[in-house]
Amino acid sequence: MPLHLGVAWYPEHWPESRWAQDLQLMREAGISVVRLGEFAWSSLEPEEGVFTLDWLERAITLAAQHGIACVLGTPTAAPPAWLTQRYPEVLAVNADGRPATHGTRCHYDVTSERYIQFCRRIVEQLARRFGQDHRVIGWQIDNEFNTVSYSENARRAFQRWLRQHYGSLEALNEAWTTAYWSQQYTDWSQIPLPLTGAHGFNQPHNPGLRLKWRQFITDAYRRFLHAQVEVIRAHARAEQWITHNFMGFFDGFDHYVLSELLDFASWDQYFPEGPLCFERDCAAHDLTRGFKRRNFWLMETQPGSINWSDINQVQSKGETFAAAWTAIAHGADAVCYWQWRNALNGQEQYHGSLIAPDGTPRPVYVEIKRLGEAFERIGSLLDGTTVHAEVALLHSYEDRWAIDFQRHHVRFDPLAYLRAFYAPLIRRNLAVDILSTRAALRGYKLVIASPHIVDDAIAQSLQEFVAEGGHLVLGVRTGVKTRDNALWQQRPPALLHDLAGVHVEEYFALREPVQIAPEKDAPPWLQGPASIWAEWLVPHPGTKVMARYEPSNGWLDAQAAITVKQHPSGGAVWVLGAWLDDPLQDKLLGWIAEQAGVQPPLPVPLATAHVVRRGKAYIVIAGAAPATFELPWLAREHLSNRVVRSIALPPWGVAVLTQEEPA
Ligand code: GAL
């Protein structure tokens, strides 16, 4: 697939007489694809059963005449007013029991069968009309799934789902230990929704119920997605792909489950927290690439500024270009901007766009045009390529939910903990695949995991990885829970005792940091504070203690904090029993990666530039500071088409290199 430069286009916001001028400017910027149709339901079905698709066909035709392909968004994130008025049961209900009002979006109840029927009908109209159309290259289902509905309908659906899942109330009662606080259920209809915090009631619900609720929500979105995918596949030519635009690390449902139905995953990247920062902003690329273990589309990103952060700063000159190449470097096959032109009214008047309401380019247009030129000229370098990572960082929605329900330390954010492992790797430009805890691990040199929930399949996969010589790092809170979110009877890490060569005697949420010091034969730098969480590790025979706790609360004093167990295969398992402060975590992860033989693509001094290898190309991106370094070989720099021996980039500068064959 060639690299695409795209934009979200809403022709229905503007008189048709303006479309050609818009498309001409898109073409001049090198835009090769527009996404359209999403949120346009009231323009496509203005009255129940009355379909008006001709305008969409005219927009597609005009785009094609300008050499621009189309991605159709199904409009189901924004039901029309006639629908929500006539069938109010399709509206989502919030945790306080109030139904959504019309006039926003994503306000439908994903469990509503009636809503699903209406969605299937409009999608079928679109698929029948455009499924064979060669000008339409693919489909995006809905937009950024996110809403949870606590309706009566959802409650009944949840109860049915539980019945199917557990088979009997005895099984459910046992799995959730419902004798606790007199929760035993004698009828499926008694099972409540987890409305923690609603109506002023602040007692949390049963952890088993809460985890199953999240799995149910996942399944509800899977059904919703499946209903549309099925209709499209019935009418579409095989080349039309289907995707959905996820929201990075959003954890409302299990993205691995939904991704099974897609041809590839997409995501929408915005920068509400400030300028592009590799440590923070690359992780979601690696996560999205991991959903299907293949390249993804950046379906939306920010043209300069957004309108929903505290301070909606415009990106610096060059930063938009650098952010796009960062996405490409991490496996994006398309970069699409949201949006082309602001609607005159509507909630997003202040948002960045490529052209202004007067129809002329805004400053960022010029930068995006530069991107279009680059994609056209050198995009083929990246055709059919992806990132090759030697490190896998394992991630699980169930683990995140289970820990979030019971953080035990207010600052134990499971995502922050994952990022604490990601940052040292990305700082060294070590490519990382962020993968499901259930992914196949063959081929990696280093796997980092802290599976809070373990079952036989997870344990076996990690055991096999190490038995084949792999290096494994296990973090805190590993092997605590079952898939019912019940405690394992064994001490953590339960099913992983033999693999880890330790068990956890006690765990400690920390008010004060605890110091860690190296054992005599361990590297002397293995010292520093750990905060938030520490575990007293008991090493089993044959496990080496690398570091111990210095005196703190008495219990932890002199106990093992970091251990390693060498396995006969040559593999090793490190257990990091505490949440190490960043300087120590950084050094330790860097050292372990070296032990595991993981290499960066180029020997660049730390913090100089972000470098990723994709196929034969080395993509080098400077951050907010200039980047200067020597190359180990003569290279062709493709953006400037020059042969170079060193790199000297200005802030947000980008270089795309291949090794130049000696003459
Ligand atoms: C996204 C959404 C777009 C647009 C954008 C603005 O979350 O999918 O439709 O609203 O935000 O930044």
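Student: Where is P493 found?

Tutor: In this predicted model, P493 is found in the loop between β13 (471-474) and α17 (497-500). Helices (H or I, at least four residues) and strands (E, at least two) are DSSP runs, numbered from the N terminus. A cis peptide bond joins P492 and P493, with omega at about 0°. Another cis peptide bond joins W338 and Q339, where omega is about 5°; Q339 is in the loop between β9 (332-337) and α13 (363-378).

Student: How should I read the numbering and the model itself?

Tutor: Residues are numbered from 1 along each chain as its sequence is written. The model is predicted, so local features need pLDDT of at least 70 and side-chain atom pairs count only at pLDDT 80 or more, while totals for chains, interfaces and linings use all residues; side-chain values use heavy atoms, with hydrogens and water left out.

Student: Which residues are around the ligand?

Tutor: A residue is near a molecule if one of its heavy atoms lies within 4 Å of it. Here those residues are F39, R105, N143, E144, D268, Y270, E300, W308, W338, E348 and H351.

Student: What distances separate polar side-chain atoms of E144 and E348 from oxygen atoms of the ligand?

Tutor: A polar contact is a pair of N or O atoms within 3.5 Å. For E144, a polar side-chain atom lies 2.5 Å from a ligand oxygen, and for E348 the distance is 2.3 Å. Taken alone the ligand exposes 310 Å², and the protein buries 94% of that. Such accessible areas come from the Shrake-Rupley method with a 1.4 Å probe.

Student: At what angle do helix α6 and helix α8 cross?

Tutor: Axes are lines fitted to C-alpha atoms, for helices over the stretch in contact, and angles run from 0 to 180 degrees between N-to-C directions. The axes of α6 (residues 152-166) and α8 (residues 207-235) come within 10 Å and cross at roughly 105°. That makes α6 roughly perpendicular to α8, a label for angles of 65 to 115 degrees.

Student: Which residues of α6 and α8 meet?

Tutor: Contact means heavy atoms within 4.5 Å. Among them, W161 and L162 are in α6, while W213 and F216 are in α8.

Notes
A polar contact is a pair of N or O atoms within 3.5 Å; within protein, one must be able to donate a hydrogen and the other to accept it, and residues adjacent in sequence count only if both atoms are side-chain atoms. Angles under 35 degrees count as roughly parallel, over 145 as roughly antiparallel, 65 to 115 as roughly perpendicular and the rest as oblique.
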